[in-house]
Amino acid sequence: YIQSAGIQLKKSGRSYLGFCPFHSNTKTPAFNVYPDSQSFHCFGCKASGTIFDFVMRREGLEFRDALEQLARRAGITLQERTQADVQQDQLRTRLLEINQAAAAFFHHILVKSPRGEAARAYIQKRAIQQETIESFQLGYAVDEWSALLSYLTDRKGFEPEEVETAGLAIRRDGGGYYDRFRGRVMFPIRNPKGEIIAFGGRAMGDAQPKYMNSPQTALFDKSRVLYGFDLARDAIRTNEAAVIVEGYVDVIMAHQYGFRNVVAPLGTALTSDHVDLIKRVTQRVYLALDADPAGVRAALKGARTIQEQQDGELVAVTGPQGVISLQRGQSLEIRVIELPEGKDPDEVIQTDPEQWQALVAQARPAMDFYMRALTVDLDLHAAHGKSEAVERLAPLIGQITNPIEHKHYVQQLARLIDSDESVIMRVLPHGPRGQQSNSPARSAAQPARSQRASGQSTPSKPVTTLTGALVQEEHLLCWILTYGSVRDAVLAKLRQDLANFPVAQQVLSETLLDLFERPEHRAIIERWEQEPRDNPAHWAEELDSPLREVVLHVLTRTPPAPQAYRYVNDALECATILQQLQAKRWLTRMTRQADEASDDEERLQAIEYLVQLKEYLGMISAPRRSSTYADLHHLHTA
């Protein structure tokens, strides 16, 4: 936005440096822009704020006018707020105030009141430290009928009906109200913004239920909230993984010991809303559940719930390596942490934090976990046990969309029951979901290997049954493996293209890996980055069979020798096409977020991404001609 306003910026370390447009001395480069925090600051005139503040000040606009201007640039239509919308906002604000007051009351009782002595003993027994109590604002609801209600109505001026609407009071049949939570340790539940939207209560004695959450309100829907997410978000992004546990104390203890990427659903399996929340910050999820039969069932249910979720265009399907393939091109890698029998994460972390780290590192891909968990009770030496194993696992294997991964698990199941792969394939007549069992990649690879063995050389021919995106990935992967200079040229292009788009840099990567959507292509790039070789065909022979077949196939796309001089240009053109596809995927995602935003602040954030993504897409889509040969855009129709 700042550069589009005609202000020249120059990269300086982790910020951008330029002349302040608000400063009387326009020759002093005192104006700094910080992409990480999306903010600016002038050390001369002290002007500072967010990038949105810059737009408002530069254009002399009020908040709403600036929001509308950005919305027009992003192609988003802002709906006029109705009276019902205004009333809903007022209700939300009122409920947030009630929850905040209730949390302060509960916290005071726990920390300072004599009535919280039993709760303090429980907290001490669980080894929860004072700093952690403060961070999570833990509290205690005394075992009295109207302690909280009296405080909120008499001291804070809220109406009893409002307290009931917030889910903190229950109406008596004969009239009047009483506290919903009594005699429980209280856990405030926050949304991603850190606002208290509900509570969870843990019974102190034998009262049932042991755990109880607030009912659904205008603020709270437990299927859309992950406990601790507001405190875990930055750590999830840094660790590139979210760890899902079962209970409040599991989350609290993990954070206390420095494992801050841990969250928990509120007594439900993961839902599509949970998935959407997680994938905003990471593509890797670990499920940590008990090792007893109930825990195994919960792990199975959790992973399968994820794979079965559908949310509009989003369809999640479990694949090997725990991959969840989504129709919009996003994916989550699911792994299962298997805990020692009889222990939960809280106990493991307290007893031996290093063991917890090792368990996370050793987490099994979801499909591998299925293989063991669904056959542990079977006699795999008996005919009936083998038949039952195939009956249980075949439907899961049939959901795998990737042909290479599909074949891997067919082979694994065949080894498990000591049978032939053809037996498994007869149960899966259509191979991977949506594909024939003889995949295009495999069909193309077989003649290619025969031609290589006989010394023949054939020019690359597009596989017409593959999508355009896949063709571009195969071309680019081929050139990266074949020509060492391509990697550096593409990386330089990615850095240069993103240099002027600090907002887009938050979602678009400057790495090769994120250009590739196909899991096997990503795996190959990761391996190649670790151990590049002069001869990729020889290197391929060292790989496991699924990846080896893919490498040998993509190497058939090497251009004939007379055209080899232009491989760098063609590789850069492939990279441009993949950049465009990547940007379009994020445009779709951010458009949806803007449409579904619950308030102007959340909508503004999505619109800011949309504006830069559109500008970035426009920049990389501008036609570029080569001085070496007339047209580089032949690959668009490959």
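**A loop residue and its surroundings**

Tutor: Gln137 lies in the loop between α5 (130–136) and β6; helices (H or I, at least four residues) and strands (E, at least two) are DSSP runs, numbered from the N terminus. This is a predicted model, in which local features need pLDDT of at least 70 and side-chain atom pairs count only at pLDDT 80 or more, while totals for chains, interfaces and linings use all residues. Residues are numbered from 1 along each chain as its sequence is written, and side-chain values use heavy atoms, with hydrogens and water left out.

Student: Is Gln137 buried or exposed?

Tutor: Gln137 is buried, with a relative accessible area of 14%. Buried means under 20% relative accessible area, exposed over 50%, and partly exposed in between (1.4 Å probe, protein chains only).

Student: Which side chain is joined to that of Gln137 by a polar contact?

Tutor: That of Arg190, at 2.7 Å. A polar contact is a pair of N or O atoms within 3.5 Å; within protein, one must be able to donate a hydrogen and the other to accept it, and residues adjacent in sequence count only if both atoms are side-chain atoms. Not counting residues up to four places away in sequence, Gln137 also touches residues including His107, Pro188 and Ile196, where contact means heavy atoms within 4.5 Å.

Student: Now the sheet. What is the order of its four strands?

Tutor: The open sheet runs β6-β9-β10-β11, with antiparallel pairing. Its edge strands, β6 (139–141) and β11 (211–213), each pair on one side only. Two strands pair if DSSP finds at least two bridges between them.

Student: How many bridges join β9 to β10?

Tutor: Seven, between residues 184–190 of β9 and residues 196–203 of β10. The bridge partner of Met186 in β10 is Gly201.

Student: Which strands does β3 join?

Tutor: Strand β3 (residues 31–34) runs antiparallel to β2 (residues 15–18), with three bridges, and Leu17 stands opposite Asn32. Four bridges join β3 to the antiparallel β4 (residues 39–42), where Tyr34 stands opposite Ser39.

Student: Why is helix α23 largely enclosed?

Tutor: Eight of the 10 residues of α23 (residues 545–554) are buried, so the helix is largely enclosed by the rest of the structure. Among them are Pro546, Glu549 and His553.

Student: Finally, how many disulfides are there?

Tutor: Zero in the whole structure, a disulfide being a pair of cysteine sulfur atoms within 2.5 Å. For Cys478, the nearest cysteine sulfur is that of Cys574, 9.5 Å away. Cys478 is buried, with a relative accessible area of 0%, and Cys574 is buried with a relative accessible area of 0%.
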